Amino acid sequence: MTPEKKVAPRSLQIIISALVVLFLLFLSYYTINEGERGVLLRYGKIVKVADPGLGFKIPFIERIEKISTRNQALVYEGVQAYSRDQQPATMKVSVSFHLQPSDIAAVYATYNTIDALKERLIIRQLPTQLENVFGQYTAISAVQDRTRLVQDLQNAIRKAIVGPVIIDSVQIENIDFSDAYEKSIEDRMKAEVAIATRRQNLETEKIQAQIAVTQAQAEADSRLAAAKAEAESIRLKGAAEAEVIRLRGQSIRENPALIELTTAEKWDGKLPQTMLPNATVPFISTTR
């Protein structure tokens, strides 16, 4: 065998060995993303729970199973239940949940996958708890007090689900009653709105009437005050005139000649142009 023929197989072995090493290296590492945890298994036995980042495993002996710790949501369409007044309803309900990183090993050991956990823990409990809680409400109260209904359902599901899962929230996204019942509710709401509107109108009319009464009373008080002021003015004027008359009469009594003086002051010095028969000529004395 020539040297060239010996070199070729050896080079091929080196290449193959390098490829095997690279292949083994490729199989020996793994990466875990944020929001996930990795369950490292060795012949199916849990070795550890790997945190996010780069990790290594023994090829063909160990493997990694990734489980999400992110928030997840389940949406249930067409869930049916009866209200306390025996009204059937079809609802759309959503449940949000997540897994604690510290519970990942228990989740894998007990349920293997998240889908299995959802099926055994959440999906089985939801219809039962919805029937129990919704049955405590009448159809009207379920609509009018929906916030409390959702809170009660959320508390019931959290209490019923025992396992390595955290229920973040529960929402009733839609409630559908029968067409006939929804029509009756609509009519009732319209009637209540009409009654409330009428009450509001009556209150408005009452307030307007009170305003009118107040204005009329104010106007009447104003007129009364004006009349009193006018009467008082007349009284004071009359009293003043009476006082003048009194004082004038007193002056006349105390001074009799005042009449003659006044007469003389008013006489223009002319005698009458005509006189009646047997009449006397007016005489005014200017001395006392």
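Let's start with charge pairs: the count comes to nine salt bridges. Keep in mind that this is a predicted model.

Take Arg42 and Glu62. Their closest N and O atoms are 2.4 Å apart. This pair links distant parts of the chain, 20 residues apart. Arg42 sits in strand E2, residues 36-42, and Glu62 in strand E5, residues 62-68. Is Glu62 buried or exposed? It has 6% relative accessibility, so Glu62 counts as buried. Arg42 is partly exposed, at 38%.

Next, helix H3, residues 114-123. Asp115 and Lys118 both lie there, three residues apart, about one turn of the helix. Their side chains meet in a salt bridge, 3.3 Å from N to O. Asp115 is exposed, with a relative accessible area of 54%. Lys118 counts as buried, at 14%.

Now helix H6. Asp152 forms a salt bridge with Arg148, with 4.0 Å between the closest N and O atoms. Both lie in H6, four residues apart, about one turn of the helix. Both partners are partly exposed: Asp152 at 25%, Arg148 at 44%. Elsewhere, shared partners join Glu77, Lys92 and Glu173 into one salt-bridge network.

H4, residues 125-134, packs with H6, residues 146-160, at an angle of about 135 degrees. The axes are 9 Å apart. That angle makes H4 oblique to H6. The crossing is right-handed.

Which residues of H4 and H6 make the contact? From H4, they include Leu126, Leu130 and Phe134. From H6, they include Leu149, Asp152 and Ile157. The contact residues divide into nine nonpolar, two polar and one charged.

Definitions and conventions: Residues numbered from 1 in each chain as written. Predicted model: local features only at pLDDT ≥ 70, side-chain atom pairs only at ≥ 80, totals over all residues. Heavy atoms only, no water. Axes fitted to C-alpha atoms, helices over the stretch in contact; angles between N-to-C directions. Helix = DSSP H or I, 4+ residues; strand = E, 2+ residues; numbered from the N terminus. Parallel < 35°, antiparallel > 145°, perpendicular 65-115°, else oblique. Left-handed = near helix turned anticlockwise from the far one by under 90°. Contact = heavy atoms within 4.5 Å. Nonpolar A, V, L, I, M, F, W, Y, C, P; charged D, E, K, R; others polar. Buried < 20%, exposed > 50% of the residue type's maximum accessible area, 1.4 Å probe, protein only.
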